[in-house]
Amino acid sequence: MKGHEAKMPRMEDILNLPVQDPSCAEFSAAHLNWVKVEGGRQGGDDIALIPYCRVDDFVKGESSNAECPASFRIESRRKRPEGSISKPRDILLMDISLQYLVMKMYWCSYGPEDYRDSESNLSDSANSKPSSGKGSRPGRRHMMRGCLCHFTVKRLYTRPLLALIIYNQRNHVDKSGAPCHGTRDRDSVGTRAMYAPRISDELRQKIMSLLYVGISLDDIVQHHSDVVQGNGGPHNRDHFLTRNDVRNMGRVIRNSSHELHVDDGSSVKMWVQRHQKHVFFFQENLGSQSFVIGLQTDWQLQQMLRYGHNGYIATHSSFGLKKLKYPLCSLPVFGSSHNVIPVAWVIASSYDGQNAHKWIGALVGRIRTRDPRWRPNAFLVDDPTFDISVIRTTFQCRICLSLWHVRRSWIKNLYKKCCNFDVQREMFKTLGRILYCMRGWPCVVDEIEEFMQIFIDQSMFVDYFRTCWLPRIELWVSAIRTLPVASQEPYAAIESYYLMMKAKLLKELHSNTWSRVDWLIHTLTTEIHSLYWFEQFTLETEYFRNTRDGSSANNSWYRAVHIPDVDVLLDEENLQLAKVISQTDRTVAYTVWNPGSEFSICDCTWFRMGNLCKHVIKVAMLCKIRQVARPLLATQVYRQALVNLMQNPPDDPIVLDHAIFHLTRLQQEVKGLVDMSNSGMLLPLTQGDKLNFD
């Protein structure tokens, strides 16, 4: 009787359940503890609470069932607007079936319709297959095997960060209770019903990336066949990849367009709605609110988890500031081959590092949802306007300063606006002293005035410096006094990334689309993403080695490693210059002035273009190994600051205790920086720069 039917529990009962968040990246029902609720569609439902952000991980885990591989589709969905329930007290007393902001029902793709009986009578197929709706698409009917496995996900009204999973039928069975697909179904043995109905997202990503970088259809099919045979034959749906599957994905690429709407803003919003899993932050340009979008694909998230943990993360900001509609900020990590892997992109209308707090928290929160223990070793900033305290608090790591932008801009303009090499060398050296000035700002101003007076005849560069750098040089000088400076090794990798992005995005061929953000988003998440995926794929698997251009791994640092030590002529008694013999023409030797310094300069063509050349890096390596270089300007700044601190202790006991506490923390920080220096990520400390605090 109806009066004896069990009711679903009220919301107050649901909220007492524990929230389960398995540590694995993807998880299934087997990883959760379920509570049985009587009165469901199948006589009883299982319920569990998980974070709402982990719903996709649960769906993926359920799709990877070893006995019954499946693909869950959204059968139905409903939404309830916030504020639709006016009395908060009534919310806790209402039936759980009414308590949701979003409700989605996921159903196994092998059901619920069952067309197995009609397959034996092909002549009656017109009657068994509907002309529209479920089962109407070509190739769909063979998937309909009457599977009743399905579950419902509800985003709770009172706790929107939580999701209630209601598993209505956990077993992949038909209405008779018998297995209907997978290895437990005898009728499925030897057919595709043994496997998942569709290829996995990982394989789709792989094929799409191979197509984007230009691998031919025949090469992709042959490569896939070789991999399957090497694994002992087909074992899952991915192993049945056909030429038609690859051809269809190629057709999708050819027919795709960045312009989803004539209006750029509307087009971006449509893209965000279609690719929500690739967006970790989005803010529209409304009123005083600036436009910001943060992009990160699943693969980029995996690389950030892999290489960012106990590793180094950098920023490459303001790319395309003069050409693109909005500048691009990239967050790269450093791979095992000293190459850069972009793990997130941020496009913002307001180029101001102080606004970074809007998206940094969302990015780190997304990472730590996957791995709460994730923490980088250091974060490299290339913009002194970044809110360092926010970065340090959010990432919980030390912060280093990257001078790559400064260095490249000065070198490029020196060679462009000044013709005399000796003058270029002296100007670059003097600029370094200004940047690392250890005295107060008035002394820095005096240094700048003296620089402009000495090189008054170099009016083109002086005017450039006065216009572009004088308004912000104080920010850089102040940042150098408070932050350790990164070494040339990450600069080489960042430079390689910059040159690749410039070649791909800033071609005149694309000048008509620079004004559209949707084009930039589309290009980043397709072509650029595929390029770096392919680079990592070839490095890890050795496949298609002859196809990749090696632009990411073959940077100046990588090339410098392959220069023999005997080809470097370094006079340890006179460190004014060093000679490096060319690897292509043994009769040519390049000269490196100020060897081992942050402001070394070389006369090779690559350096004259503003780039960091392999000769400068190789000489710096030898100077570090032999410990013959003069103390670096950066370490002199730190040494002077520490000496001043020890020579002028405070008189107030409370202040003294506070200073001792911070000095102890500083000692730990310096030891950590020494470790970073030894790993090559920080400017090396010479013996004279290491202070003993013991």
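Analyst: At 6% relative accessibility, lysine 618 counts as buried (buried means under 20% relative accessible area, exposed over 50%, partly exposed in between, with a 1.4 Å probe and protein chains only). This is a predicted model, where local features need pLDDT of at least 70, side-chain atom pairs count only at pLDDT 80 or more, and totals for chains, interfaces and linings use all residues. Residues are numbered from 1 along each chain as its sequence is written, and side-chain values use heavy atoms, leaving out hydrogens and water.

Lysine 618 meets aspartate 565 in a salt bridge, 2.7 Å from N to O. A salt bridge is a side-chain nitrogen of Lys or Arg within 4 Å of a carboxyl oxygen of Asp or Glu. Lysine 618 lies in helix α22 and aspartate 565 in the loop between α20 and β15, so the pair ties together parts that are 53 residues apart in sequence. Helices (H or I, at least four residues) and strands (E, at least two) are DSSP runs, numbered from the N terminus. Aspartate 565 is partly exposed, at 40%.

Now a second pair. Aspartate 298 bridges to lysine 60, with the closest N and O atoms 3.4 Å apart. Aspartate 298 is in helix α10 and lysine 60 in helix α2, 238 residues apart. Aspartate 298 is partly exposed, at 23% relative accessible area.

Glutamate 284 forms a salt bridge with lysine 269. Both are partly exposed: glutamate 284 at 29%, lysine 269 at 34%.

The structure holds 21 salt bridges. Asp21, Arg54, Asp57 and Arg370 are linked in a network of them.
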